[in-house]
Amino acid sequence: MNRVLTMSMASAVRSQPIATKTAIATRRYLRQALSLLAVGMLVALLFVWARIQVIQLGYEVSRVRKDVTELAEQRDILQAEIAELRTPERLTRIASERFGMRLPMGDEVVVLRMSGQVDVESEREK
């Protein structure tokens, strides 16, 4: 009886598709491993992309700072040039050389009042 039972169990075990279950488990394991590998690669690519973006932004910040420095230097040069062009000595020289103007003599000064009166003598008295 025991021998018959052992023989039937042995035949039952042999009839099971062991190789098929093993192949299915292997394919499932490979699919999971490939999925994990794909997710890992995607995370690595995102990390590299983020680092590249940080580096590019760093270069852009450096370029903008350099531009700001150059523009500030150019502004200072232009302000110095404006100050030089506005000097009274330069304006006096241009007025006399180009337009023949001169400083007024004492009796040539005329004061105009808000009422429209011309007061020539008051300047002479001073």
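1. Glu108 is partly exposed, with a relative accessible area of 39%; buried denotes under 20% relative accessible area, exposed over 50%, and partly exposed the range in between (1.4 Å probe, protein chains only). The side chain of Glu108 meets that of Arg102 in a salt bridge, at 3.0 Å from N to O, the term requiring a side-chain nitrogen of Lys or Arg within 4 Å of a carboxyl oxygen of Asp or Glu. Arg102 counts as exposed, at 54% relative accessibility.

2. This is a predicted model, in which local features need pLDDT of at least 70 and side-chain atom pairs count only at pLDDT 80 or more, while totals for chains, interfaces and linings use all residues. Residues are numbered from 1 along each chain as its sequence is written, and side-chain values use heavy atoms, with hydrogens and water left out.

3. The structure holds three salt bridges. Among them is the pair Arg63 and Asp67, whose closest N and O atoms are 3.4 Å apart. These residues lie four apart in helix H2 and are therefore separated by about one helical turn; helices are DSSP runs (H or I, at least four residues), numbered from the N terminus. Arg63 is partly exposed at 46% relative accessibility, and Asp67 is partly exposed at 30%.

4. Arg75 and Asp76 also form a salt bridge, with closest N and O atoms 3.3 Å apart. Asp76 is partly exposed, with a relative accessible area of 41%, and Arg75 is partly exposed at 46%.

5. Helix H1 spans residues 2-15. Of its 14 residues, the number buried is zero, so helix H1 lies largely in the open.

Notes: Helix = DSSP H or I, 4+ residues; strand = E, 2+ residues; numbered from the N terminus. Expected span 1.5 Å × (residues − 1).
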